[in-house]
Amino acid sequence: MSKAQDPFYIVKEEIQDSIDKLQSSFHQWERVPGGTGEQVHLTKELLANCESIAWKVDELAKAISVAARDPSWYGINEVELENRRRWTSNARLQVADVKRTIGAGKENDNSASVIRRELMRLPNSQQPDISDHYSAKNNDDFVASESDRQMLLLKQQDEELDELSTSVKRIGGVGLTIHEELLAQEKILDELGTEMDSTKNRLDFVQKKMGMVMKKAGAKGQIMIIIFLLVLFIILFILVFFT
């Protein structure tokens with residue numbers, strides 16, 4: 001089976017594209033200042049993408065385990081199986097590194113947020129009441145902005161889940177088509193083998209009969225049979241081409 005038809009390479013290409021996009025978003029996350037709304041949005045998006053990619057890699061690893069039970073049935077060898085296992089392990093490491101780095105950055109941001117909240121709780125009698133008004137307004141704007149980002153993130157996750165569902169269905173369709181094609185080819189080969197055995201048996205029977213007839217007929221009998229067959233051929237030739 002060619003790589004273009006192998007479901008493993010189809011899923012591998014999709015996962016690799018997702019990892020490349022994850023790395024690109026991760027580099028963008030590294031450049032964004034900490035504690036900003038943009039970083040919070042990117043953090044949630046990256047963690048969701050990590051979970052999605054990790055699930056895809058786990059499903060691909062399960063498929064490799066199934067193929068390892070009978071590699072010859074799937075047309076692969078041990079070297080190819082080892083290469084596929086190595087690729088899935090490498091993909092897991094890439095996703096885990098991104099997730100671990102984001103988790104560490106998130107903990108640092110949470111610590112800074114706690115400190116800011118504690119400082120905000122301190123009394124400040126010198127600040128005029130108008131500052132409280134603007135602070136409350138800014139908090140409302142921030143909450144509204146975060147709500148919009150959450151809705152956008154949920155929408156993106158729904159789109160990714162739809163894409164994942166489409167990919168799984170496509171892979172299942174490819175696998176089913178390959179399975180049906182293999183069964184059809186196996187049936188054709190079995191029928192061909194049966195016909196060849198039947199033809200061989202008939203030829204052996206005819207050869208034996210001809211041998212017995214030639215032995216019984218002797219030299220003169222053989223000449224008469226040849227003359228008879230020649231006359232029969234001429235008659236058939238005339239009937240076919242002149243009538």
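## Overall picture

A residue counts as partly exposed when its relative accessible area falls between the buried cut-off of under 20% and the exposed cut-off of over 50%. Asp-97, with 36%, is therefore partly exposed. Keep in mind that this is a predicted model.

The protein chain has four helices and zero strands, so the pattern along the sequence reads α-α-α-α. Of its 243 residues, 20% are buried. The accessible surface comes to about 18,000 Å², and carbon and sulfur atoms account for 61% of that. As for how the chain meets itself, take the contacts between residues at least 6 apart in sequence: 73% of them join residues at least 24 apart.

## Salt bridges

Side chains of opposite charge can pair when their charged atoms come close. The count here is eight salt bridges. One of them pairs Glu-51 with Lys-99, with the closest N and O atoms 2.4 Å apart. Glu-51 sits in helix H2 and Lys-99 in helix H3 (residues 78-121), so this pair ties together parts that are 48 residues apart in sequence. Both partners are partly exposed: Glu-51 has a relative accessible area of 44%, and Lys-99 has 36%.

Other pairs stay inside one helix. Asp-97, the residue we started with, forms a salt bridge with Arg-100, and their closest N and O atoms are 2.5 Å apart. The two are three residues apart in helix H3, which means about one helical turn separates them. Arg-100 is exposed, at 53% relative accessible area. Asp-204 is partly exposed, with 28% relative accessibility.

Now for some acidic residues on the surface. Asp-158, Glu-159, Asp-162 and Glu-163 gather there in a patch of negative charge. Asp-158 belongs to helix H4, which covers residues 129-241. Its relative accessible area is 46%, so Asp-158 is partly exposed.

## A buried glutamate

Is Glu-45 buried or exposed? It is buried, because its relative accessible area is 17% and the cut-off for buried is under 20%. Glu-45 is part of helix H2, which runs over residues 37-69. Setting aside neighbours within four places in sequence, Glu-45 is in contact with Leu-153 and Gln-156.

Key
Residues are numbered from 1 along each chain as its sequence is written. This is a predicted model: local features need pLDDT of at least 70, side-chain atom pairs count only at pLDDT 80 or more; totals for chains, interfaces and linings use all residues. Side-chain values use heavy atoms; hydrogens and water are left out. Patches are made of residues with over 30% relative accessible area and no salt bridge: like charges are joined within 9 Å, nonpolar side chains (Val, Leu, Ile, Met, Phe, Trp, Tyr) within 5 Å. Accessible areas come from the Shrake-Rupley method with a 1.4 Å probe; for residues, only the protein chains shown count as cover. A salt bridge is a side-chain nitrogen of Lys or Arg within 4 Å of a carboxyl oxygen of Asp or Glu. Lys and Arg count as positive and Asp and Glu as negative; His and the chain ends are not counted. The place of a charge is taken as NZ of Lys, CZ of Arg, CG of Asp or CD of Glu. Buried means under 20% relative accessible area, exposed over 50%, partly exposed in between (1.4 Å probe, protein chains only). Contact means heavy atoms within 4.5 Å.
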